[in-house]
Amino acid sequence: MFGMRRGAARIAMAAASRRAYSSSKSSESIIRPLFQSVLASGTAVAVGLTYVNAFSLDWRAKKPLPVSKVGPNRDLDFQMSDVEVELKVRNIFTGGEVHEKDAGKPTKERMQGLVLRIQREICSALEELEAKAAKEDGDAAPKKFQQDLWEREEGGGGLTRVMQDGRVFEKAGVAVSAVHGRLTPAAVRMMNSRGKEIELEKDANGKPIGPKFFACGVSLVIHPHNPHAPTSHANYRYFEVTDEEGREKVWWFGGGSDLTPSYLYEEDAVHFHQTIADHVTKGDEKNAKTYYSTFKKWCDDYFRITHRGECRGVGGIFFDDLSKQVRDKDGNAVEEVKAEEETAEQLKERRFKFMQNVGESFVPSYAPIVDKRRNTPFTEKEKEWQALRRGRYAEFNLVYDRGTKFGLQSGGRVESIMMSLPLSARWEYCHKPEAGSAEDTLLAVLKNPREWIHV
């Protein structure tokens with residue numbers, strides 16, 4: 001059905017399509033230093049580009065990413081054994097996988113265990129696809145994830161795993177972090193504008209200071225080589241504000257996952273959405289419609305490239321500020337059927353189980369799609385269209401994504417923040433697909449999001 005090509009023919013086709021990008025070296029030599037200077041300064045700028053011909057950007061790392069410790073630009077030996085990584089991870093993450101299922105442990109320790117498990121399971125699933133492709137090609141050395149361990153001066157750190165230039169995946173990044181410190185007064189004001197009730201503390205001199213916080217999450221973006229295999233993104237996170245003794249005062253969960261195809265296969269979109277819906281309602285069927293329908297619409301609205309009048313992809317779910325209430329994208333509480341006489345502890349446990357379910361939905365919702373499409377024959381023209389769609393992906397992340405903007409503006413770790421960008425992207429002046437083409441069909445859906453399933 002999918003006309004699979006294996007071995008040398010498939011590799012040669014992919015190599016030929018990638019060579020199409022090398023024709024714009026003069027544009028790249030101008031854009032790359034400019035883009036790097038923007039990142040280094042942390043300043044937002046508008047750049048006018050007047051090239052008549054197409055140009056491409058390539059964010060390909062020329063060397064393995066360094067392991068950073070105690071602040072940026074301090075490089076350690078990247079070649080660390082799994083045992084060394086595990087020991088260092090234990091210094092950063094106070095909660096391991098063993099804590100996830102222990103209801104007696106604090107939520108922040110259980111969440112650390114959850115994100116570490118989700119990272120491991122997703123990386124294993126992607127490496128299995130790489131190993132499968134390598135076996136088909138008669139190669140005994142499949143691509144593996146590189147491990148980049150980093151620590152934060154203010155407290156905490158993370159483990160970023162990146163795989164580049166594999167047979168199946170052009171770039172895949174799965175990062176976990178657990179950080180703590182003190183919020184700035186500006187951050188408190190921003191959170192309170194979203195309905196929070198966080199009070200400022202005072203230092204010894206009576207100067208207002210933010211309260212202590214803890215944040216933990218896993219974030220991932222996957223860009224396959226084949227233009228018929230979709231990109232996907234997911235994020236699952238927890239945030240809490242505590243008093244000076246570490247007692248929890250305010251908490252919430254957030255996250256979601258979404259699918260970004262270059263070519264529309266309706267059955268793939270249905271599979272992705274149905275798998276997510278099946279997982280988010282597991283164990284809480286009374287709230288099935290609330291969870292999936294509310295968060296699906298939020299996803300369509302959030303991942304919209306406003307200046308293009310189109311969505312980034314075919315959606316999924318997205319949610320934030322999930323705490324005592326289930327809220328929509330505008331912060332309005334939506335109807336929810338609660339358990340009778342549910343205590344605060346029981347409610348939070350139900351929220352945590354929800355996060356477990358959505359985290360466990362990613363591999364079965366996405367990996368089978370990639371496995372099905374990874375050997376689909378493609379042309380150089382289709383590869384160029386994929387690069388154009390990745391240009392849209394970059395536009396959204398750099399212009400609208402709250403996490404990217406907050407990270408760059410607050411002096412966050414640039415390598416981890418920019419992990420979401422593809423290795424290459426393309427822009428063409430006034431590009432418009434042919435009417436009735438497969439590319440045009442995708443655009444029609446991106447401009448008018450569909451309901452893929454009914455719950």
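I take buried to mean under 20% relative accessible area. By that cut-off D321 is buried, because its relative accessible area is 14%. The model I am reading is predicted.

**Entry 1, backbone angles.** I stayed with D321 and looked up its phi, which is near 55°, a positive value in a residue other than glycine. I placed D321 in strand β14, residues 315-322. I then turned to C430, where phi is also positive, at about 50°, although C430 is not a glycine. C430 sits in the loop that runs between β15 (424-427) and α14 (438-447). I noted C430 as exposed, because its relative accessibility is 63% and the cut-off for exposed is over 50%.

I counted 14 helices and 15 strands in the protein chain. Of its 455 residues, 53% are buried. I looked up the accessible surface and found about 21600 Å², with 52% of that belonging to carbon and sulfur atoms. For contacts with a separation of 6 or more, I noted that 71% join residues 24 or more positions apart.

Nonpolar side chains tend to be buried together in soluble globular proteins. I went to the largest nonpolar core here and found 74 residues in it. M111, F169, F319, F354 and M355 have the most contacts inside this core. Helix α5, residues 107-136, gives the most to it, with ten residues. Apart from this core I found another, of 13 residues, with M191, F213, V250 and W252 among them. I then listed the partners of F354: leaving out residues up to four places away in sequence, F354 touches V280, Y291, F295, F319 and L322.

I searched the whole structure for disulfides and found zero. What keeps C299 from a bond with C311? The closest cysteine sulfur to that of C299 is in C311, and at 8.4 Å it is too far for a bond, because a disulfide needs the two sulfur atoms within 2.5 Å. I noted C299 as buried, at 1% relative accessibility. C216 is buried too, with a relative accessible area of 3%.

I checked the span of α10, residues 362-373. Its twelve residues reach 17 Å from the first C-alpha to the last, close to the 16 Å expected at 1.5 Å a residue. Which residues of α10 are buried? I listed F362, S365, Y366, A367, I369, V370 and R373. An α-helix has 3.6 residues a turn, so residues three or four places apart point the same way.

Methods. Residues numbered from 1 in each chain as written. Predicted model: local features only at pLDDT ≥ 70, side-chain atom pairs only at ≥ 80, totals over all residues. Heavy atoms only, no water. Helix = DSSP H or I, 4+ residues; strand = E, 2+ residues; numbered from the N terminus. Expected span 1.5 Å × (residues − 1). Buried < 20%, exposed > 50% of the residue type's maximum accessible area, 1.4 Å probe, protein only. Core = buried A, V, L, I, M, F, W, Y, C linked by side-chain atoms within 4.5 Å. Contact = heavy atoms within 4.5 Å. Areas by Shrake-Rupley, 256 points an atom, 1.4 Å probe, with all protein chains shown as cover.
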